[in-house]
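Work through the exercises below with the model in view. Try each task before you read its solution.

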Amino acid sequence: MKNFTYYQPTSLSGVLKVLDEAAGKAEILAGGTDLLDRMKEYISQPEKVVSLVGFSGPFKEISSIAGHPPTVTIGAGVKLVNIAESELLRPYPALTSAAAQIAGPQIRNMGTLGGSLCQRNRCWYFRDEHVQCLLKGGRRCFAHDGENQYHAIFTQGHPCVIVHPSTLAPPLMVLGATCDIRSHKAQRQIPIEQLFQAPVKDGQREHTLAPNELLVSVTIAPKIPPGATLRNASYEVKQKETSDWPIVQASVAYYTEAGGQVAKGVRIALGHVAPTPLLSPAAAKVLEGQEVNEKTASAAAEAAVEGARPLSQNAYKVQQLKVAVRRAILLASGAKPYWEG
Amino acid sequence: MELPQVGPHEVGPHAGLTRCIHLQSKAMAVYGEGFTADPDFQNDLTDFTCLKTGRPLGPDNGPANLTQCCNAERDCYEEY
Ligand SMILES: Cc1cc2nc3c(=O)[nH]c(=O)nc-3n(C[C@H](O)[C@H](O)[C@H](O)COP(=O)(O)OP(=O)(O)OC[C@H]3O[C@@H](n4cnc5c(N)ncnc54)[C@H](O)[C@@H]3O)c2cc1C
């Protein structure tokens, strides 16, 4: 690991000041479950590491879950385990079930919301210290012609075919979340889908934060009319059920009006299939105004994979994505789950 | 590794609580009720699985672990 200077400010303004002065040469350290790995592997070599540990306790804005459903704010420093088990977040199983499935207990006890959303991708070429891929100043993406079984299937226009690694991003997208972002001199709010970008060169991240910006919190505020019921769920297809990222993921949210069965305000997001988490307006449109059942869920699933351009080794993910979308929709509807036959 | 055998839930914050019959972990499979002597369990590192879903989530989509699966108010809870 390259030597670095460690900062442990005791206030939010202290963090923002160090980030501002570091001019892109600093990394924020939350739980460290992603950053420390990268530093040990020489993938990231920050000159300064700014820890959030020093102020996470007393500063509620970054370390607490607060509000009244349907509007709930989750601090970026909230641990994954606390998202999974939060009473306040119980109306959002799309999010809590995704958090409960991340890695294993060790990572969930250390990893944070901010770290999950801002973690770097898991492409094995990117994570190999000896490979100079596009994102590390090289001239090509080796996954295009190489080992790409876990890479993107929505590849059109993407010179780098990583998949975005956060499983919290798709549920937050369907739940209409916004991000509170702060720097030393400014504060801005953006819809969470604008937090992500497809990186194409060295220095670019999978998120759109400037180097001097900190993600402070994420607010869930699904748009549902009074009296309507929010329905939401996520579904992940995984190679193994623990300690790994999913192969594909789908999150869905919609509401039904009192006494009605028709899905309205449908939002469907896809994870681990593109360099960013993807909203699928095509799938949402198919379900909008329909009663949710096997037939309509399958039709939405077909629509979700429209435009997929798999690579040489990952066409199987197209079928898995259909399964994930269909099962997420049926889970959200409360239909009998697949494991009950 | 030989683990000392202890009775059901004799240690930890779950002592005395009755868990759901569908909760499972590797140590439970190997040591039965002696799972509480497993060092992983004692360090809060156990990966639990719901036997109904085969996943770290119960049928109600909530987390499958010893704290959450001792909650008899969960719809999917079935007494051990
Ligand atoms: C075996 C394994 C399996 C995993 N499976 C999954 C999975 O299924 N789904 C999933 O989503 N994740 C998965 N992860 C990743 C895990 O979720 C992340 O490692 C964790 O969430 C990172 O959080 P952290 O607090 O430790 O972040 P850190 O390692 O501290 O930080 C990660 C990055 O985010 C930046 N950062 C952190 N907080 C902020 C902030 N507030 N504002 C701006 N930037 C910030 C840091 O600068 C750093 O670059 C897995 C990890 C492992 C090791």
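**Exercise 1. Find how many residues of chain B are in contact with chain A, and how much area the two chains bury.**

Step 1. Count the contacts, meaning heavy atoms within 4.5 Å. In this predicted model, 16 residues of chain B touch 22 residues of chain A.

Step 2. Take the buried area, which is the accessible area (1.4 Å probe) that two parts lose on being put together, summed over both. For chains B and A this is about 1600 Å². Carbon and sulfur atoms carry 47% of it.

Step 3. Look at the chain B side. Asp47(B), Arg55(B) and Asn61(B) lose the most area to chain A. Together they make up 36% of what that side buries.

Ground rules: the model is predicted, local features need pLDDT of at least 70, side-chain atom pairs count only at pLDDT 80 or more, and totals for chains, interfaces and linings use all residues. Residues are numbered from 1 along each chain as its sequence is written, chains are lettered from A and ligands numbered from 1 in the order written, and side-chain values use heavy atoms, without hydrogens and water.

**Exercise 2. Describe the secondary structure of chain B and its buried share.**

Step 1. Chain B has two helices and two strands.

Step 2. Read along the sequence. The pattern is β-α-α-β.

Step 3. Apply the burial classes: buried is under 20% relative accessible area, exposed over 50%, partly exposed in between (1.4 Å probe, protein chains only). Of the 80 residues in chain B, 48% are buried.

**Exercise 3. Decide how compact chain A is.**

Step 1. List its elements. Chain A holds 13 helices and twelve strands.

Step 2. Compare the radius of gyration, taken over C-alpha atoms, with the globule rule, 2.2 Å times the number of residues to the power 0.38. The radius is 20 Å, close to the 20 Å that the rule gives for 341 residues, so chain A is as compact as a globular protein of that length.

Step 3. The C-alpha trace spans about 60 × 50 × 35 Å along its principal axes.

Step 4. Check burial. In chain A, 54% of the 341 residues count as buried.

**Exercise 4. Is helix α6 of chain A enclosed or open?**

Step 1. Locate α6(A) at residues 93-100.

Step 2. Count. Eight of its eight residues are buried, so the helix is largely enclosed by the rest of the structure. Among them are Pro93(A), Leu95(A) and Thr96(A).

Methods. Helix = DSSP H or I, 4+ residues; strand = E, 2+ residues; numbered from the N terminus.
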